[in-house]
Amino acid sequence: MPPQTDIQHNPTCLLLPGIVPSYRTELGMMVQGKSEEVIQTAEFEKLRGKVQLIFTSPPFPLNRKKKYGNLQGEEYLNWIASFAPKWKELLTPTGSIVIELGNAWEQGSPVMSTLALETLIKFKQKGRLKLCQQFIAYNPARLPSPAEWVTVQRIRVKDSYTNVWWMSPTAKPKANNRNVLTEYSDAMKHLLKTGAYNSGKRPSEFAINETSFLNDNGGAIPGNVLRVANTRGTDEYLRYCAEHNLPLHPARMAYELPEFFIKFLTDPGDLVLDPFGGSNTTGATAERLGRQWISVELDEDYIAGSMGRFSDKLVEIDDSRTTSCALIGAVTR
Ligand SMILES: C[S@@+](CC[C@H](N)C(=O)[O-])C[C@H]1O[C@@H](n2cnc3c(N)ncnc32)[C@H](O)[C@@H]1O
């Protein structure tokens with residue numbers, strides 16, 4: 001019998017006996033399979049109550065089918081919502097689920113679909129979850145789309161954000177905004193330096209006293225519009241895919257997005273799960289931040305490419321502790 005590893009107490013050795021990952025590191029593992037099937041396995045049952053954060057960007061409800069054959073309409077909505085109860089069971093009592101969903105448009109018409117929002121609402125209802133906060137992930141560098149309405153007919157502006165919903169079974173999941181402070185504005189830096197500003201009553205009737213804003217708290221509390229650009233921190237991944245003739249993931253997210261939520265909602269050593277891992281931006285970010293991680297992904301090419309995010313972090317899979325052996329490096333071309 002393989003030893004039963006308590007992942008909460010052994011952060012340097014994440015193992016799920018019986019699960020053969022495609023690759024692993026000291027902190028995490030990538031598992032190939034259909035998410036809906038993988039999370040039903042007895043092995044995944046062992047994760048019940050241990051996942052601090054489920055962070056994921058599910059396949060989007062597209063009109064045009066991508067390589068991984070997205071479902072559409074009502075069928076899509078019900079499929080995503082069906083994950084809610086199961087994911088909830090995996091969470092620690094203070095755990096969170098964060099889902100990023102892009103917008104969809106009606107086919108052949110300059111009209112936005114409400115499917116993304118309906119899906120998030122249905123997911124929340126099905127899991128009896130609370131919406132802790134809604135975020136917008138704004139990408140100023142996004143290419144103009146939908147092209148027909150934005151660049152050809154010029155009757156719409158760029159669709160440049162995705163919806164990010166932070167949900168939890170509890171109203172007060174683990175969260176600390178001190179971990180995600182941003183740099184003070186120049187005006188605030190000046191104010192902290194000079195110690196002088198206009199106190200008194202604002203037109204809003206809000207009274208500002210003489211010292212309210214004079215504490216240096218190490219940075220500004222961010223808002224819920226997160227500016228992310230899909231351009232930085234992927235050089236290693238791009239190079240690796242080119243060298244191994246592997247396709248780039250078409251919908252990989254900017255690492256700033258998982259980074260924000262992992263820092264905000266987890267501590268080092270906590271476990272982060274991404275059930276739709278893709279190029280494993282989540283796992284790689286969790287690894288960098290010293291969190292344990294598990295990612296699940298269906299497509300073997302995307303998994304193979306995602307190995308490029310880990311380079312020297314990959315460790316050999318010990319077949320004495322799993323049912324069969326998958327050696328690091330085996331998933332290449
Ligand atoms: C939006 S992408 C995730 C991108 C990822 N966040 C990244 O940064 O690369 C969704 C992923 O879900 C995968 N997928 C689709 N259906 C799946 C399923 N049933 N189980 C597991 N993965 C699935 C797709 O292959 C795709 O890579």
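## Ligand shell

Helix H1 (35–38) and strand E13 (292–297) each contribute at least two residues to the shell around the ligand. The model is a predicted one. In it, 19 residues surround the ligand, and the closest are Arg-252, Phe-276, Gly-278, Ser-279 and Thr-281. By type, the shell consists of eight nonpolar, six polar and five charged residues.

## The sheet

Strand E13 is also part of an open sheet of ten strands with mixed pairing, in the order E11-E7-E8-E4-E3-E12-E13-E2-E1-E14. Strand E11 (225–227) and strand E14 (314–315) are the edge strands, each pairing on one side only.

## Strand E2 and its neighbours

Strand E2 (residues 28–32) lies between E13 and E1 in the strand order. E2 and E13 run parallel and are joined by five bridges, with Ile-294 in E13 as the bridge partner of Met-29. Strand E1 (residues 23–25) runs antiparallel to E2, and two bridges join them. Arg-24 stands opposite Met-29 in E2. A hairpin through two residues connects E1 to E2.

In a regular strand, side chains alternate between the two faces of the sheet. In E2, Gly-28, Met-30 and Gln-32 are on one side, Met-29 and Val-31 are on the other, and all are buried. Both faces of E2 are therefore covered.

Technical notes:
Residues numbered from 1 in each chain as written. Predicted model: local features only at pLDDT ≥ 70, side-chain atom pairs only at ≥ 80, totals over all residues. Near = placed C-beta within 6 Å. Helix = DSSP H or I, 4+ residues; strand = E, 2+ residues; numbered from the N terminus. Nonpolar A, V, L, I, M, F, W, Y, C, P; charged D, E, K, R; others polar. Pairing = 2+ DSSP bridges. Buried ≥ 20, exposed ≤ 12 C-beta atoms within 10 Å, placed from the backbone.
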